[in-house]
Every structure is written in structure tokens, then in C-alpha cells.
Amino acid sequence: MTYAAITGWGKCMPPAVLDNAGLASFMDTTDEWITTRTGIKERRVSHVPMTLLSHVASMRALACAGMDPKDIDLVVLGTCSADEQVPNTASAIQLLIGASKAAAMDINTACTSFLYGLSTATAMIRTGVVRNALVVGVEGITPYMDWSNRNVAVLFGDGAAAVVVQASDKAEGVIAEKLGCYADARGILRVRGMGTIYGNAGVQLGDTTWDFDGQEIFKRAVHGMSRASQAALERAGITTDQIDLVVPHQANLRIIESVAKHCGISMDRVYVTVHKYGNMSSATVPVALVEALEEGRVKPGSILLTPAFGGGLTWCSHVIRWGDRVTPLGTTDIDLPPCMQTAVEIVQDIIKRKSSSSAVLQKIALPCG
Ligand code: UT7
């Protein structure tokens, strides 16, 4: 039997920090509201395209695995904020890292994109289609945020992380998962302005408004993440007390606490990053995984649970058995170009560039939900 072990990991966080006070300097909000409703204190704002964040994270993951990029057979890039639609962003990563023999695909299931990508890579390794894969979770929400909408603008941030997944005869990597989607609720989290339907209606690229029913998303998220976790644990034949660490999607501390409670897992076994990065969509779980490893929270043989949800509303949970190695085999000097602006300055530049198509955006007839 072939398994798909995670043998390399690396992250790339943009250096510009936007804290709650920075947000309150140009938006009607307070640190107190954001902290008590979400647990978020600060988030990162990227000064570079997603391709560059992904490149650095990927090179760090490859160095960690001690792997020559030429041995990668597949690059899977999970994101809903790809730099381009055609060509896909995974092909840029294939080129930049020098994985000349690899197939390259983007996957978009919003915040669950990295985990759906991990399932895809794992399945392709287990069925013998490929032996070595690189799976990236990257998100640059800042450019398509509606900065006039305080309901959503305080919640998100940018970031990237990647893992190397390799064929193994040991029972490691994803040992069970459950994926699902509440498509009947797809309209409660929508970014209007991204996609051909908007371009055809004359909306200018970059103009976005968000449909966002926070309370309904909250309820569905807790339900989907808990349901997926129970199903994945059943499939793996293990109980919650055997889980060493939960590495959940990080949208809101209260969602994480509710899911932990539903699953009967105490918060000391849950890894949290939402206070410092906010919701980085598909990058949240891999960034949290990398930091949990860096802090020694993942031990040889640890069993991890990774519940997540995102637009769609997609949801999932994976049971991952870690291998023997929890330290990198190597490192790399590669890094981002320096950032010459503050986070507030980057956001202000984006706001200035956007024109307002919001009246048009609200009137566009959408085909489904
Ligand atoms: O990956 C998927 C991403 N989606 C999510 O994670 C969304 C999940 N939902 C949530 O996290 C929460 O529902 C929110 C954080 C979005 C909202 O928390 P809540 O406890 O459900 O707040 P609420 O909707 O009850 O609060 C609404 C009030 C409104 O004021 P009034 O009408 O009650 O006077 C808003 O205008 O809070 C106000 N408000 C704010 N006030 C200060 C909304 N956003 C802000 C803000 N600062 N940023």
C-alpha cells in the first residue's frame, strides 16, 4: 500500500503588519470590536503578487524536504486569488522553482483550497499517478477586499505556505478525510466583481463588493467543520482523544472554539494563529501547520486534525499522521524583495486605484444562488 507522507514544509509571510489600530485609522472600527468578535489583533498585507509569496514558500518547503525540484511530478496551487486566470499560477511556480517535469494545476475551493489540493495530491500519489508533489496554499485578499465594508475588511490577511508530499510505504500523511459543500448557501459569501460574468457586464477589473452574511456563515462553518471531523475520524478508525493537535482553518477564534467544543477537544490541543494573521483563506491551515512544527507542537507520529470551511460553502476535515521527522533537512536564503511601504500605505494605494462599480455590481443577474 502506498501512502503520501508530508516531508517538507515552508511558509512566506509578507512583512507589512496591519494591526487593528491601523485599520481604525481609516475605517469606522475599534480594536475592542475586532478582538472581542473575532480574536484578530493584526494581519499581513502583501507588497508582492501571490506568485512571489508562493515561490518563496515553495523553495523553503523543498529545502526542508531536501528535494531537488526536478523530482517534483506535480504542483498543486490552492487559492481563490490567483494572479492570473490564464495561464494558471501553478505553472508560474513550476517555472520559478525549476520543476520542469511537473504537471501544474490551480484548485479553487476558497478557504479550503489547500486542503482540497492536499487530497488531490495524496490521491494521485496513492494511485501511482505521481510520486512527489508540491502543494501550495496562498492568498492575497488585500487587492480585492472591499475596503469600504467594515463587516469583512477587518477579517482577512495575506500569506502563503507549501508542503512537499512524497510516496511512502509507511502509513503517514493524510490517512482519512471528508470533503463536502453546502451549495444551497453559496450566495452568503460571494465576492462580486471577480469573474467573466462581471467583466461581460462592464465591471472594471479590481472593483469588488462582498455579499457576506457573517452570522449564517458562522453557523454553517461550525456545522460543516464539526460534521467533517466526525466523519474523518470515523473513517480513520480513531477517537478524538487520540488527536494530538487540531490545526483548523482560522477565520474567527469563536468558530475555532465552537468546533473544538463540538468535537470534544480542549483548546490546549488546538493550534491558533488567527490573532496575528487573521483569515488568510487557503493559506491559514498550511501556515499554522508550519508554525506548529517550528514551535515543536508536532511530534514524531503525531495525529493531526485539520477542519476547514470556505466560500461555496465548501468544508472538510483531514486526519494526518506525521512521520518521524519534525525538523527541516535544509534551509534556503531565498526571500521576498524588501517592502518599502507601511501596510496602511499599501492599502491606501489600492483604495485610490479602485473606481466604484458597486451600483452595477449589485444589479448583475447571477446564474445560481
Ligand atoms: O472563511 C470564511 C470567512 N467568513 C467568516 O469567517 C465569517 C464568519 N462570521 C463571523 O466571523 C462573525 O459573524 C463576524 C465577525 C463577521 C461578525 O460577528 P457577530 O458577532 O456575528 O457580529 P454581528 O453581526 O452581531 O455585529 C453586527 C454589528 C453591527 O452593528 P449594529 O447594526 O448591531 O449596530 C455592525 O454594524 O457590529 C457592527 N460591525 C462593526 N463594528 C465595528 C460590523 N463590523 C464592524 C467592525 N467594527 N469592523
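Keep in mind along the way that the model is predicted.

**Stop one: helix 3 and helix 4**

Select residues 50-65 for helix 3 and residues 89-97 for helix 4. Their axes come within 10 Å and cross at roughly 50 degrees, so the two helices count as oblique to each other. Helix 3 passes helix 4 in a right-handed crossing. Now show side chains: helix 3 brings T51, S54, H55, S58, M59 and L62 to the contact, and helix 4 brings T89, A92, I93, L96 and I97. Colour them by class and you will find six nonpolar residues, five polar ones and no charged ones.

**Stop two: helix 8 and helix 9**

Next, pick residues 214-236, which form helix 8, and residues 253-263, which form helix 9. Here the axes lie 9 Å apart, and the packing angle is about 40 degrees. What is the handedness of the crossing of helix 8 and helix 9? This crossing is right-handed. On the helix 8 side, display F218, A221, V222, M225, S226, S229 and Q230; they meet R254, I255, S258, V259, H262 and C263 of helix 9. By class, this contact has seven nonpolar, five polar and one charged residue.

**Stop three: T122**

Finally, centre on T122, which sits in helix 5, residues 113-126. Is T122 buried or exposed? Its relative accessibility is 4%, so T122 counts as buried.

How values were computed
Residues are numbered from 1 along each chain as its sequence is written. This is a predicted model: local features need pLDDT of at least 70, side-chain atom pairs count only at pLDDT 80 or more; totals for chains, interfaces and linings use all residues. Side-chain values use heavy atoms; hydrogens and water are left out. Helices (H or I, at least four residues) and strands (E, at least two) are DSSP runs, numbered from the N terminus. Buried means under 20% relative accessible area, exposed over 50%, partly exposed in between (1.4 Å probe, protein chains only). Axes are lines fitted to C-alpha atoms, for helices over the stretch in contact, and angles run from 0 to 180 degrees between N-to-C directions. Angles under 35 degrees count as roughly parallel, over 145 as roughly antiparallel, 65 to 115 as roughly perpendicular and the rest as oblique. A crossing is left-handed if the near helix is turned anticlockwise from the far one by less than a right angle, and right-handed if clockwise. Contact means heavy atoms within 4.5 Å. Ala, Val, Leu, Ile, Met, Phe, Trp, Tyr, Cys and Pro count as nonpolar, Asp, Glu, Lys and Arg as charged, and the others, Gly among them, as polar.
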